[in-house]
Amino acid sequence: MMRSWGMLLPLLVLSGCFSSEKIVPVSGVVTLDGEPLADAVIGFEPMAAAGQLEAGQGSYARSDPEGRFSLVSLYDGTGALVGPHRVSVSTVVGKEGPNGEILGLTKERVPSRYNNDTELIFEVPPGGTSEANLELKRK
């Protein structure tokens, strides 16, 4: 009996470590100057808690013609981790050449404060949300 507990204890400890990393459904609409932003890539990157190096897995989505998006976690399927996330939005797309090579990138339509130098923070609530709306402005 003692041997069984010895083998089970590390599994219980490990499962406890990951139980707080809950993935919940997250969706919304992204707009730029009040207009739907189609074909944008939206990234949600969890922010590490004070004193921790690891923040957890990120999530991403591509917006449809009406600017709607639903996040997909990089490892566990649909949604995002509960907690604060740094959010980035980009419309840059690589132009593919005849042999599959990238010939260049399209011009970014979104100001850098929403992608490379993002200022966007979104708190994913414990129950998830369908109102992760991102209202971007050029000025």
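Strand 4 (41-46) and strand 5 (residues 59-62) run antiparallel and are joined by four bridges; strands are DSSP runs of E with at least two residues, numbered from the N terminus. Within this pairing, Val41 has Arg62 of strand 5 as its bridge partner. The model is predicted, so local features need pLDDT of at least 70 and side-chain atom pairs count only at pLDDT 80 or more, while totals for chains, interfaces and linings use all residues. Residues are numbered from 1 along each chain as its sequence is written, and side-chain values use heavy atoms, with hydrogens and water left out.

The largest nonpolar core has 22 residues, and Ile42, Phe44, Phe69, Val89 and Leu136 have the most contacts inside it. Such a core is a set of buried Ala, Val, Leu, Ile, Met, Phe, Trp, Tyr and Cys residues joined through side-chain atoms within 4.5 Å. Among the elements that give two or more residues to this core are strand 4, strand 10 (83-90) and strand 14 (134-136), but strand 13 (120-124) gives the most, with three residues. In soluble globular proteins, nonpolar side chains tend to be buried together.

Val89 touches residues including Val30, Ile42, Val110 and Leu136, not counting those up to four places away in sequence; contact means heavy atoms within 4.5 Å. Val110 lies in the loop between strand 12 (102-105) and strand 13. Val110 counts as buried because its relative accessibility is 4%, where buried means under 20% relative accessible area, exposed over 50% and partly exposed in between (1.4 Å probe, protein chains only). The C-alpha atoms of Val110 and Leu32 are 7.6 Å apart, although 78 residues separate the two in sequence.

The whole structure has three salt bridges, each a side-chain nitrogen of Lys or Arg within 4 Å of a carboxyl oxygen of Asp or Glu. One of them joins Asp33 and Arg138 at 3.0 Å, N to O. Asp33 sits in the loop between strand 2 and strand 3 (35-36), and Arg138 in the segment after strand 14, 105 residues apart. Asp33 is partly exposed at 37% relative accessible area, as is Arg138 at 47% relative accessibility.

Asp64, Glu66 and Arg68 are linked in a network of salt bridges. Arg68 meets Asp64 at 2.9 Å, N to O, and Glu66 at 3.1 Å between the closest N and O atoms.

Methods:
Pairing = 2+ DSSP bridges.
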